[in-house]
Structure formats: structure tokens, C-alpha cells
Amino acid sequence: MKPPEAAAPASRARQNYVLAVLVVVYALNFVDRNLLVILLQPIKEELGASDTEMGLLTGFAFAFFYTLAGIPIARMADQGSRRNVMAVGIALWSLLTAASGLVTSFGQLALVRIGVGVGEASATPAAHAILSDLFPPERRARALAIYSTGASFGVLFGLMLGGTLQERFGWRSAFFLVGLPGLIVAWIVRATLPEPRRGESEGLADAPDPTDAPDIRTTLRYLLSLPTFRHLALSAGLYGITCYGLLAWAPTFMRRVHGMGYAETGLKAGLGIGLGVAGAIVAGVLSDRLARRDRRWLVWIPIGAAVLQVPFHLLFVLSPDPNWALLAFAPVNFLNVIFGPPSYTVAQNLAQLRMRAMASAVLLFVLNLVGMGLGPTLVGVLNDGLAASHGENAIRISLAALLLANAWGIVHSLLAARTLEADLDRAAAR
């Protein structure tokens, strides 16, 4: 491997342009992913599926292939052009989102949505690596937090568009109209996004030889040798159970329990979830500021958010009044996303230069396989199991039970805090 050489830091204009484009990419990622959420009921009725099957479709089936594909795709990003990997992925998931409107059976829909998951696995590991090479460590959490706002924007527009398009044109047309514009975004990424050199944000640039990237086994051995990374990944997965379980079933909850229409649900649920934009930004700002005093704040911040979420979460799922439920839904979503930016920052700071996409992919592997995989699926299974005794109110109990995962996540965050300083110093020394 060649020794690192000096590299000029990126200009603010270049940093801001890349960040803006990547926010759009991440928003599109979640628009296409969560369009299915608002359309669960009409698809279920037309294709004759159960709540458990729909929970699997939005949860484990999607998450399994999303996370499985993420590791080799991240390896490709660490070896070569992260921009090109991302552009191909955007084109793939956009075409398959449009193809979701052509299915005639649940099995066909499952296969297409698996393909969407594979395409979407290209975005975040490559984006995290690019941003980490553009933004120095003292500004990295804020940049990753702003990138994370794309998820909330995507959910907001996905639910609003899905609800409106369902009422006007039906769910099949909704997939066409939302999926195809992604091809334009793929072209923008390929044609205009710069490819920063590895280590640029630290004032270094590694040798361009792609063989410098450690293989998957070496990367996994290094990351899993760090106790902080292990507990960080487990805590993120457990917080993700609550986050993704609520995200997937909140619109259906509002329709079943409070009798809202599709457009009304899409608008009100979307606005509530959209407040996650503020939560992500606050998490990034707090992480950058507080970590200068004590780097353990990067794992303490998610603990505080999980504790504060409890009363609002319970009010949302248990209130008989839809107005009180909606009022509580906003702070729930504000707090629900706070664990993300500091967790991503720790993962990037622990990683070596050509491990950054892989570090993100491994963290996302646990977050999505556990969080996205189990969260929606468990709610669907509990819904079906409790339906005979609790009827439409079964979903209240299912969503309330998600808080148990947050409690378990807090345990792993506390354990990560014990080793964080030593592992960050060890990573810097390497």
C-alpha cells in the first residue's frame, strides 16, 4: 500500500452540493420503500394476503435481501466508484418500484419488492463513505444527520403521494407514477456527483489502487473485534424494531382504530413522521457539540431519546381520541430517529479509510435485519394472534409492545459507552 499523501479539503460549495444530492437520493429510497406502507390495505384485499404476510413483505422479506445485498455492494463501493454503484442501484430500484404495479399475485409482489430492496442497498453505505471523506470528524455527525433527514422526507412524501394516488388512480398507478422519476435521479448522480478521494476530510488521500481495500473477512474481523461496534450494532437493531415497526403500521393503525381515509392518513401520518427531519438534525448538532466534551455522548444521546419516547408512544397507541393520538405521534417520530446519526458517526469513526462503506453496511445489516426485519413482522404476527380476542384494538397492544425493544437497546448503549473511548483511540492509532 502506498503511504497517504496530502489532500486539499473539499470546498463548502462542493460539500453542500454532494450532501443535497444525497439527501434527494435517500428521500427517493424511502419514498419507494414506504409507498407500500400506505397501500397495505388495498393490496392485501386485492391479492388476498394476511396481516402476517404483509408484515413479512414490509419487514423481514425486504430486510433480509436488503441487508444481504448490502455487504457485497458496499465492498464494491470501497473498491471502486461509490457514485457509479449508487447510480446503478437507483435505476434498479426505481424500475422495480414501477414494476410493482404489474403484479397479479402476492408471490410476484414479494419477488419484485425483494429486487427493490437489493437496489436500495446501494445507497446508504456508499453515501456514508462519500460524506465521511468530504466532512471532517468534527462536522461529520451533522452531515450524516442532514443526510438522514432524507428518510423522513421520503416517508412524508411517500405516504402523502401514496394516499392521494390510491384514492384517485388506484395502487397500481401509484407505483408507476412514483417509481419512474427515479431514473432521472440516477442520471443526475452518475453525471454530476464528484467522487472524493479516501481520507480527503482528514487531510489525507490514500493510494488509488482498489486492491488496498481490505477483503470482507478482514473488515468483519476488525469491526467485530471492537466491543463498541458490536454493542452499537445491537442497540441500533433494537431501536430499529420500535422505529420500523411503528413506521410500517402507524398508517394502518390510524385507519383501523380511528377510521381515517387514505388521503387523510397519508397527510397526517406523513406530517407526523416528517418531524423526524428535526429529530435527525437535532441529533447531529448535539452529537457534534457534546462529543467535543465527551465522546461517550455519541451513545448517551440515543439512550435519552429512548427514555423520553415512552410516554408519547403510549399516548399515541392507547388514546381513544384521534387528535391526542396525532399530537403524540409527532414527538414520537422526533425521538424515534435520534439514535441514527450518532450511531452512524461512531461506525465511521471506528472504520479505516477503505472500510467506511463496509462499516456502514455492517451496521445497517444488523439495524435492518433486526429492526426492519422483526419490527413490522412482529406487529403483523401479534395483530393476527390477538385479533380474535381484541378485534381492531389488537394493533394497539402490538404497537405498545415495541417499547420492550427500546429498553433492551438501552442496555447495549450503556455497554458501548464503557468501551467507546478506548476503541476510538485504537481506531485512530491504526
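This is a predicted model: local features need pLDDT of at least 70, side-chain atom pairs count only at pLDDT 80 or more; totals for chains, interfaces and linings use all residues.
**Stop 1: the whole chain**

Switch to a cartoon view. The secondary structure comes to 20 helices and 2 strands. The radius of gyration is 21 Å, close to the 22 Å that the globule rule gives for 430 residues, so the chain is as compact as a globular protein of that length. Along the principal axes, the C-alpha atoms fill a box of roughly 65 × 45 × 35 Å. Of the 430 residues, 60% count as buried. Now think about contacts between residues at least 6 apart in sequence: 86% of them join residues at least 24 apart.

**Stop 2: a nonpolar patch**

Select Leu95, Leu102, Phe169, Phe176, Leu177, Leu180 and Leu183. Together they make a nonpolar surface patch of about 650 Å². Zoom in on Leu183, which lies in helix 10 (residues 182–192). Leu183 has a relative accessible area of 34%, so it counts as partly exposed.

**Stop 3: aromatic pairs**

How many aromatic pairs are there? The count comes to 7. Select Trp171 and Phe175 for one of them: this pair is edge-to-face, 6.0 Å centre to centre, with 90 degrees between the planes. Both sit in helix 9 (residues 171–179); they are 4 residues apart, so about one helical turn separates them. Are Trp171 and Phe175 buried or exposed? Trp171 is buried, and Phe175 is buried too.

Next, select Tyr239 and Phe339. Their rings form a tilted pair, 5.6 Å centre to centre, with 45 degrees between the planes. Tyr239 lies in helix 12 (residues 227–258), while Phe339 lies in the loop between helix 16 (322–336) and helix 17 (340–350), so the pair ties together parts that are 100 residues apart in sequence. Tyr239 and Phe339 are both buried.

**Stop 4: Phe65**

Go to helix 4 (residues 60–79) and pick out Phe65. Its relative accessible area is 32%, so Phe65 is partly exposed. Leave aside the neighbours within four places in sequence. Which residues is Phe65 in contact with? They are Ile114 and Val118. Now draw a distance from Phe65 to Gly373. These residues are 308 apart along the chain, yet their C-alpha atoms are separated by 10.0 Å.

**Stop 5: salt bridges**

The structure holds 7 salt bridges. Select Arg172 and Glu46 to see one of them: their side chains meet at 2.8 Å, N to O. This pair links distant parts of the chain, with Arg172 in helix 9 and Glu46 in helix 2 (residues 40–47), 126 residues apart. Arg172 has 25% relative accessibility and is partly exposed. Glu46, at 47%, is also partly exposed.

Move on to Arg296 and Asp294. They form a salt bridge whose closest N and O atoms are 2.8 Å apart. Why does Asp294 count as buried? Its relative accessibility is 16%, and buried means under 20%. Arg296, at 31%, counts as partly exposed.

Now select Arg295 and Asp425, which form another salt bridge, with the closest N and O atoms 2.8 Å apart. Arg295 is in the loop between helix 14 (276–293) and helix 15 (297–318), and Asp425 is in helix 20 (residues 403–429), 130 residues apart.

Finish with Arg82, Asp133 and Glu195. Salt bridges that share partners join them into one network.

Methods:
Residues are numbered from 1 along each chain as its sequence is written. Side-chain values use heavy atoms; hydrogens and water are left out. Patches are made of residues with over 30% relative accessible area and no salt bridge: like charges are joined within 9 Å, nonpolar side chains (Val, Leu, Ile, Met, Phe, Trp, Tyr) within 5 Å. Accessible areas come from the Shrake-Rupley method with a 1.4 Å probe; for residues, only the protein chains shown count as cover. A salt bridge is a side-chain nitrogen of Lys or Arg within 4 Å of a carboxyl oxygen of Asp or Glu. Buried means under 20% relative accessible area, exposed over 50%, partly exposed in between (1.4 Å probe, protein chains only). Rings of Phe, Tyr and Trp (its six-membered ring) pair if their centres lie within 6.5 Å; planes under 30 degrees apart count as stacked, over 60 as edge-to-face and the rest as tilted. Contact means heavy atoms within 4.5 Å. The radius of gyration is taken over C-alpha atoms; the globule rule is 2.2 Å times the number of residues to the power 0.38.
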